[in-house]
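I am opening my notebook on a structure that is new to me. Here is what I looked up, entry by entry, so that you can follow along.

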Amino acid sequence: MKRTTLALLLSAAGAIGFAGLAKAETPVKIGIVQATSGGSAALYGVMQKNGAELAIDEINASGKLGDYKLIGIHQDDGGDRGQTVNVFQRLINQEKVAVILGPTLTTSAFAADPIAQKAGVPVIASSNTAPGVPEIGDYIFRTSPPEAMVFPGVLAYVKKKFAPKTAAQIYGIDDVLMKSAYAVHKKALESEGIKIVSTETFQKGDVDYSAQLTKIKAANPDILVIGGLAEETANIVRQARQLGIPPSTVIMGANAAISNKLAELAGAAANGFVVGAGWFINYDSPTNKAFLDGYRKKYNSDPDTFAAQAYTSVYVVADAVKRAGGVSDLKKFRDAIAATKDLEANNGKFSFDEHREPVIQPKVLVMKDGKFTLATD
Amino acid sequence: MSGAKLEVWQIAKRFQGIVAVDSISFTAEAGGVTGLIGPNGSGKTTTMNMITGLYTIDAGRIALDGETLSGCSPHEVAARGVARTFQNIRLLPDQSVLANVMLGTHLGHRKNILAVLARLPGVVREERAAERRCRALLDELNIAHLANVPAGDLSYGDRRRVEIARALATQPLLLLLDEPAAGMNHAEKRQLGDLILQIRSSGVTVLLIEHDIDLVSKVSDHIVCLNFGREIAEGTPAEVRASPAVIEAYLGRDDDA
Amino acid sequence: MSAGFSQFFASYSNIIDLCLLNSLIAYGLFLALSANMFSLATGGFMALGAYCSVYCTMELGWPFAPAVLAGALLAAAGAALIGAPVLRLRGDYFMLATFAFTEVIRVIALNWDSVTGGAIGIVNIPRYTETWHLALAVVVMVYVVFTLRRSYFGRAIAAIKQDDVVAQSMGVNVFAHRLSLFVASGFVCGAAGALAAHLNFFVGPGDFGLLRSVDALIYPILGGVNSLAGPIVGAIFTTLLPEALRFSNQLREILMGALVVAIVLYLPGGAMSVFKLRRRRPQTPGGAKLAPATKQAQS
Amino acid sequence: MSTFLQQLVNGISLGSTYAVFAMGCTLIFGVLNIVNMAQGAFFMGGAYFGLEAAQLGLPAPLALVVALLGGGLLGVLSELVIFRTLRARGGHRWMGLVASLALARMLVGVAQEAFGTQVQRYPASPLLQISWEFGGVRVQFLQVVILVVSLLLMAALAFLLQRSSVGRAIRTVAFSEDVARIVGVPVGRTILITFFLAGALAGASGMLLGNLFNVVSPFMGEQMLVKGLTVIILGGLGNVPGAVAGGFLLGLIEVFSVAYVSSSFRDAIGFGLIFVILLVKPNGLFSSFEERRA
């Protein structure tokens with residue numbers, strides 16, 4: 001019993017990969033490592049998988065890559081970095097993928113990216129915004145703008161418009177993304193000479209922020225900076241207003257809070273919410289419109305910033321495949337990715353800088369009547 | 001080997017305000033068999049649990065060979081040479097009879113954990129000696145043929161024997177038997193009586209808690225009778241059987257004797 | 001042939017490592033479970049072992065072996081510290097108290113940025129843990145458990161597990177035995193935490209929460225708490241299952257849950273109980289509800 | 001002062017959701033001496049049942065009934081599939097923990113398949129936007145509604161347990177299954193009803209919390225399960241009034257540790273306190289100490 005079960009499991013484990021092999025075209029295998037199960041990581045894992053798969057379908061259908069056919073191989077790591085490493089090893093050594101998109105969590109990236117780096121397989125992340133990810137090695141890229149690229153611009157706008165003197169911060173202390181966003185926010189506030197009068201934290205899965213917000217209310221800050229994901233931010237904004245934090249207190253969010261969910265969950269309370277982003281849903285460009293139409297048609301819902309960034313990642317890959325003339329030489333392919341310049345993406349012109357970070361035009365957005373709109377001075 | 005003298009002075013026990021045992025005193029002389037009788041709920045098992053340290057006592061003192069026993073935890077009591085059986089037989093049902101009895105040799109082992117992990121020759125010798133001793137005990141109790149049978153598969157009478165063997169494996173100075181005859185038929189009771197006398201002859205002090213007055217009278221040198229947590233009679237079997245208080249306590253309730 | 005092997009190893013080395021690591025953890029829990037301690041302290045112990053060993057290797061520049069030992073000893077010290085009060089608690093109260101320990105350690109790790117890096121964790125940890133280290137640790141544990149089981153310690157522990165009143169009455173110091181097992185469990189989990197920290201370049205507080213502690217319990221229970229091989233079987237099964245079911249994508253969680261439920265229902269004594277096809281004895285009537293939970297675990 | 005009162009309101013409001021959820025957990029324990037780790041998933045399931053009903057246009061009270069029934073149904077399912085089978089096979093109680101955890105994971109997977117991973121919310125109603133301010137203390141209409149509904153559920157359960165024949169049967173089985181059998185209580189059915197009640201309470205609290213905090217997600221049950229376990233142990237396992245008191249107490253502990261110590265150490269303070277309480281009162285805060293009889 002034991003032996004047969006084990007044998008079965010092993011053979012099943014080995015046999016998984018051969019699913020999408022062998023077509024007439026030259027395949028370009030893309031590993032998509034996104035958590036689609038395993039708790040809150042699945043929230044943005046699913047969005048990125050959707051965004052990437054949409055882009056793969058579009059590119060294959062358009063025929064713009066000629067004989068090259070993109071094959072997306074999605075693997076769920078369950079948000080568990082042990083599994084992320086398993087998946088990376090198998091994608092690299094067994095599937096021989098040309099590039100890996102992901103992983104969902106920064107912690108997974110720290111564990112798994114070194115394997116790809118060592119094997120010389122490029123990795124493009126679309127949700128790791130913590131410092132230190134591209135520093136793992138020269139094969140590691142990301143299309144998700146780090147908070148430090150976005151927030152100072154937003155704060156400058158708020159400072160100019162509202163002249164705040166004091167600020168309160170609240171952030172997710174057990175989330176890598178938010179912990180690093182918090183540090184960026186704090187530094188920016190300090191360098192703008194805004195006094196931080198209250199700092200509060202919350203944890204993943206929390207739904208009640210009233211205790212923290214009551215404390216913040218008592219400190220009466222001019223601005224409230226939230227380091228949270230869209231769902232968390234929405235609830236914090238809503239509860240802040242319910243508890244009577246006045247509209248004169250401007251609420252600002254992190255890049256990751258860009259999502260239509262925010263307006264949906266926070267309702268009218270979200271009006272006046274300020275956030276910076278590389279991408280936003282109402283960004284007016286043909287590329288973004290095509291993305292939105294395609295996404296809504298395929299998934300019957302709205303994309304968020306993670307879906308948008310994963311979508312961009314695939315276009316970066318396609319562009320590099322074209323310029324490198326295939327992926328038979330991964331070094332050449334990597335160089336082509338690194339050389340990405342002014343690619344027409346859903347958030348404007350997209351390039352990588354010399355640190356393999358995205359170069360985008362950060363935009364300052366204000367929530368108006370349930371829609372993110374570009375801030376006007 | 002010679003047994004130890006057990007002295008009990010005015011011990012008492014309450015459970016949530018209800019008095020279970022109220023000031024009992026008696027002595028079990030070294031090398032003798034003392035019977036502790038009384039109707040159901042008279043406090044016999046509570047007394048036994050106080051002696052073995054399972055219950056803390058609320059008042060009084062217990063001493064073994066003159067040294068205080070009360071206040072010791074159960075394993076310390078056992079280390080002082082007190083072994084017991086249980087009213088509702090408590091064997092480890094999945095384990096073999098031999099393994100159950102071997103548990104009784106626990107205190108006899110002297111080797112430390114590192115020696116055990118290294119399986120030093122001394123450890124192996126100790127284990128073998130313990131096993132030999134237990135097999136000899138099983139032999140004495142006529143259950144050697146059951147050594148490898150899981151304890152849970154045994155008949156009622158055999159389980160009682162295994163429990164007694166386990167208690168004897170601790171090489172006790174004082175053996176407490178809690179209603180060993182419960183559920184036994186006449187033949188089994190007779191065998192049990194012989195066994196108790198045999199244990200007595202080896203020098204071990206025995207405190208026998210029992211319902212069955214005939215059995216107790218047959219094997220005891222001395223009997224203490226309890227009712228409602230109090231001592232109502234004490235003396236030789238003949239004296240206790242003649243006591244009016246004992247007759248009254250048992251009158252009409254003598255259903256299984 | 002050797003090329004085939006090296007490709008296999010490159011593809012699956014981490015799975016092998018994880019199977020071994022989880023087996024080690026499973027034996028750590030096996031020690032606790034063998035005296036009825038349903039411990040959720042695993043996450044806390046592993047965190048102590050991981051952070052301490054990483055501090056030793058990265059900050060103090062110690063070699064790997066003493067660092068692992070230091071981590072394991074710190075976790076054992078933690079176990080000794082909480083063990084004395086917590087072991088007085090029964091069943092589910094014990095479970096919650098140990099979980100509280102894990103949570104407190106996790107919150108400290110989240111807040112003590114200068115040592116743990118907070119939520120961001122510690123990155124670029126040198127990879128010192130080799131597959132053979134893990135294999136050796138598992139072999140040592142198998143030997144220890146095997147040897148203990150045939151000694152008087154083993155008999156005492158088995159008695160504590162099934163009926164601690166009997167064990168006490170036979171002279172077994174139940175508290176001391178349980179405390180030593182709890183400390184040993186802490187030591188093993190601490191060592192596992194130290195080895196895990198040096199396996200994948202990174203540690204963070206998220207690695208050591210409730211999920212980790214619950215998974216660690218599931219390994220030996222699923223494999224069988226009465227069998228020497230139970231922990232390994234349970235750990236390997238639970239580690240391979242998500243890999244084997246990866247093809248099923250979204251349905252994976254559902255299938256995994258269903259499989260575990262099926263095993264529990266058809267082999268309620270754990271997977272290894274399949275080798276013990278002994279007939280079930282009728283339960284003694286009365287007291288079934290209040291009887292020690294361990295009674296009649298096999299089918 | 002107003003900040004203190006506001007925090008008190010926050011704590012009571014949070015505590016009421018804990019209390020309703022914990023009642024279900026403790027009920028199961030009281031009757032069967034087991035912890036059902038799938039209660040968190042029933043909580044999540046109830047929130048989705050209520051959400052579906054509300055989206056179909058059912059008024060909130062009816063949606064709550066749907067959540068109750070839905071949660072109860074899941075409870076019954078867990079008894080029929082897992083616990084009954086395990087009892088019949090004489091499985092170790094740890095197996096019940098493992099199996100109910102696995103069931104919880106399955107249900108989370110199913111919810112993810114059916115409703116997606118994204119957070120959803122209940123339809124907004126203008127009625128729910130109302131709030132009052134008393135000297136700087138904000139009280140929302142919704143908080144009051146939920147507190148009232150929670151208290152009603154507690155009262156209903158208390159009435160059911162103390163006054164009805166079903167309650168008598170449940171209490172008898174809780175006292176001893178054997179005694180229940182002897183006096184002719186249908187044990188199997190009573191246990192099934194207990195599971196239904198526990199699931200229903202979980203489901204109802206799922207919808208209440210979902211409404212109060214505007215959150216419905218497949219993962220919402222995991223944290224609640226931890227809170228529920230904490231509460232029932234605080235209140236004494238199997239002690240229903242203890243669970244209610246423990247629920248409010250935990251809500252207040254959490255809120256006040258944020259208010260007067262630090263939000264970063266909220267859980268450490270909460271758990272540290274529980275640790276200490278257990279050391280002083282090993283059977284929970286609301287139980288009288290009873291010497292263990294051998």
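**Entry 1: Asp206(A).** I began with Asp206(A), which sits in the loop between β7 (195-202) and α7 (210-219) of chain A. Helices (H or I, at least four residues) and strands (E, at least two) are DSSP runs, numbered from the N terminus. Is Asp206(A) buried or exposed? Its relative accessibility is 8%, so Asp206(A) counts as buried. For the cut-offs, I noted that buried means under 20% relative accessible area, exposed over 50%, and partly exposed in between (1.4 Å probe, protein chains only). Leaving out residues up to four places away in sequence, I found that Asp206(A) touches Gln223(D) and Arg266(D). Contact here means heavy atoms within 4.5 Å.

**Ground rules.** This is a predicted model, where local features need pLDDT of at least 70 and side-chain atom pairs count only at pLDDT 80 or more, while totals for chains, interfaces and linings use all residues. Residues are numbered from 1 along each chain as its sequence is written, chains are lettered from A and ligands numbered from 1 in the order in which they are written, and side-chain values use heavy atoms, with hydrogens and water left out.

**Entry 2: Ala130(A).** Next I looked at another loop residue, Ala130(A), between β4 (123-125) and β5 (140-142) of chain A. Ala130(A) has 0% relative accessibility and therefore counts as buried. Which residues does Ala130(A) touch, not counting residues up to four places away in sequence? They are Thr106(A), Arg142(A), Val176(A) and Ser180(A). I also checked Ala130(A) against Val225(A): they are 95 residues apart along the chain, and their C-alpha atoms are separated by 18 Å.

**Entry 3: β8 and β9 of chain A.** The strands β8(A) and β9(A) pair in the parallel sense over four bridges. I count strands as paired if DSSP finds at least two bridges between them. In a regular strand the side chains alternate between the two faces of the sheet. Both faces of β9(A) are covered, with Val250(A) and Met252(A) buried on one side and Ile251(A) and Gly253(A) buried on the other.

**Entry 4: helix α5 of chain A.** I then turned to α5(A), residues 147-162. Its 16 residues should span 22 Å at 1.5 Å a residue, and the end C-alpha atoms are 22 Å apart, which agrees. The expected span is 1.5 Å times one less than the number of residues. Among the buried residues of α5(A) are Glu147(A), Phe151(A), Leu155(A) and Val158(A). Seen down the axis, the buried residues of α5(A) fall within an arc of 160 degrees, so they line one face of the helix. That arc is taken from the directions from the helix axis to the C-beta atoms. The buried residues of α5(A) pack against several elements of chain A, including α6 (176-191), β8 (223-227) and β9 (250-253). Just after the helix, Ala163(A) takes a positive phi of about 45 degrees.

**Entry 5: two hairpins in chain A.** A hairpin through two residues joins β11(A) to β12(A). These strands pair in the antiparallel sense over three bridges, and Ala345(A) stands opposite Gly348(A) in β12(A). Strand β12 (residues 348-352) is mostly covered, with four of its five residues buried. Two bridges also join β12(A) to β13 (residues 358-359), again antiparallel, and Ser351(A) has Val359(A) as its bridge partner. The hairpin of β12(A) and β13(A) has five residues between the strands, and there Arg356(A) takes a positive phi near 65 degrees.

**Entry 6: chain B.** Four strands of chain B form an open antiparallel sheet in the order β2-β1-β4-β5. Its edge strands are β2 (18-28) and β5 (67-68), each pairing on one side only. I also noted that Leu64(B) stands opposite Glu67(B) in β5(B).

**Entry 7: chain C and the chains together.** How many helices and strands does chain C have? I found 12 helices and zero strands. Of its 299 residues, 64% count as buried. In α4(C), 17 of the 21 residues are buried, so this helix is largely enclosed by the rest of the structure. Among the five pairs of chains that touch, chains C and D have the most contacts. Chain A and chain B do not touch, and their nearest C-alpha atoms are 23 Å apart.
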